[in-house]
Structures are given as structure tokens and as C-alpha cells.
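Colleague: Please put the model up. I want to know what stands behind each label.

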Amino acid sequence: MNTIATYSHQPWNKGKLVGQKAPLRLRDIWAIRVRLQIAERTRDLALFDLAIDSKLRACDLTKLRVRDVAHGEHVSSRAIVMQQKTHRPVQFEITEQTRTALETWIKS
């Protein structure tokens with residue numbers, strides 16, 4: 001008795017894009033900002049703008065406190081944050097658009 005078992009194994013990632021994702025294009029960033037503004041999602045807009053400005057990892061971004069980016073009612077033009085993974089300080093500039101979004105979110 002000769003039985004030949006045919007088993008074809010297909011990899012889970014066949015036909016899928018793997019590896020590092022392409023960065024967002026400028027028009028994509030503006031499209032996201034406009035949609036968040038239209039939907040009046042102040043928190044999401046402020047965090048999105050801050051993520052673009054700082055290039056921080058999500059874990060570092062979500063751990064930010066108001067005192068890290070603002071002094072009282074005024075949002076700073078620069079901030080320094082200690083990264084959780086590398087334990088190195090990261091300094092970044094907060095653009096005017098991001099400052100406006102942060103002030104709106106803080107006030108609400």
C-alpha cells in the first residue's frame with residue numbers, strides 16, 4: 001500500500017506587506033488633521049499633532065503630563081521628555097498649531 005500524503009503549507013504572511021511601514025505623507029497628515037477638526041475631537045487632534053512634532057513612541061506619548069508641555073495656561077514652545085525604552089532625554093519643538101490644539105484640549 002502506497003499512500004502519498006500531499007500537504008501544502010502556506011506561510012501566514014504570503015502576499016502581505018511585512019517590515020517597516022512607509023511614513024505618512026504630508027497630504028495624509030493634513031487629511032487626518034482636517035477630519036479630526038471637523039469631528040471636534042480635540043484630544044485626538046492634540047495627541048496626533050504632538051506625536052508628529054515629537055516623534056515619540058506611543059508609550060512615551062501617552063505618559064506625558066500637562067506639566068511636561070505647559071506652564072500654567074501657556075503651552076511651551078519646546079519640551080524635553082525622558083524616553084522609557086532608551087532612558088535618554090528627547091528635546092522637541094512644539095509648533096504653533098500643536099500649541100493651539102493642546103491649549104484647547106487643556107481648557108476643556
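Modeller: Start with handedness. A crossing is left-handed if the near helix is turned anticlockwise from the far one by less than a right angle, and right-handed if clockwise. α1 passes α2 in a left-handed crossing. This is a predicted model: local features need pLDDT of at least 70, side-chain atom pairs count only at pLDDT 80 or more, while totals for chains, interfaces and linings use all residues. Numbering starts from 1 along each chain as its sequence is written, and side-chain values use heavy atoms, with hydrogens and water left out.

Colleague: What makes a stretch a helix, such as the one that holds R33?

Modeller: Helices are DSSP runs of H or I with at least four residues; strands are runs of E with at least two, and both are numbered from the N terminus. R33 sits in helix α1, residues 26-38.

Colleague: Why are α1 and α2 called roughly antiparallel?

Modeller: Their axes cross at roughly 160° and come within 9 Å. Axes are lines fitted to C-alpha atoms, for helices over the stretch in contact, and angles run from 0 to 180 degrees between N-to-C directions. Under 35 degrees counts as roughly parallel, over 145 as roughly antiparallel, 65 to 115 as roughly perpendicular, and the rest as oblique. Therefore α1 and α2 are roughly antiparallel to each other.

Colleague: Which residues of α1 and α2 meet?

Modeller: From α1, I29, I32, R33, L36 and Q37; from α2, D44, L45, F48, D49 and I52. Contact means heavy atoms within 4.5 Å. By class, the residues where α1 meets α2 are 6 nonpolar, 1 polar and 3 charged. Nonpolar covers Ala, Val, Leu, Ile, Met, Phe, Trp, Tyr, Cys and Pro; charged covers Asp, Glu, Lys and Arg; the others, Gly among them, are polar.

Colleague: R33 is an arginine. Is R33 buried or exposed, and how do you know?

Modeller: Buried means under 20% relative accessible area, exposed over 50%, and partly exposed in between, with a 1.4 Å probe and protein chains only. R33 has 7% relative accessibility, so R33 counts as buried.

Colleague: What polar contact does the side chain of R33 make?

Modeller: One with the side chain of D49, at 2.6 Å. A polar contact is a pair of N or O atoms within 3.5 Å; within protein, one must be able to donate a hydrogen and the other to accept it, and residues adjacent in sequence count only if both atoms are side-chain atoms. Leaving aside neighbours within four places in sequence, R33 is also in contact with residues including L45, F48, I52 and Q97.

Colleague: And D49: buried or exposed?

Modeller: D49 lies in helix α2. Its relative accessibility is 0%, so D49 counts as buried. Not counting residues up to four places away in sequence, D49 touches R33, Q97, T98 and A101. D49 and R99 are 50 residues apart in sequence, yet 8.9 Å apart in space, C-alpha to C-alpha.

Colleague: How do α2 and α5 pack?

Modeller: Helix α2 (residues 42-54) and helix α5 (residues 96-107) pack at about 145°, with axes 8 Å apart. The α2 and α5 crossing is left-handed. Contact residues include L45, A46, D49 and L50 of α2, and Q97, T98, A101 and W105 of α5. The contact of α2 with α5 has 7 nonpolar, 4 polar and 3 charged residues.

Colleague: Where is L64, and which residues does L64 touch?

Modeller: L64 lies in the loop between α3 (58-62) and α4 (66-69). L64 touches L50, L56 and V81, not counting residues up to four places away in sequence. At 15% relative accessibility, L64 counts as buried.

Colleague: Why is R67 called exposed?

Modeller: R67, in helix α4, has 65% relative accessibility, so R67 counts as exposed.
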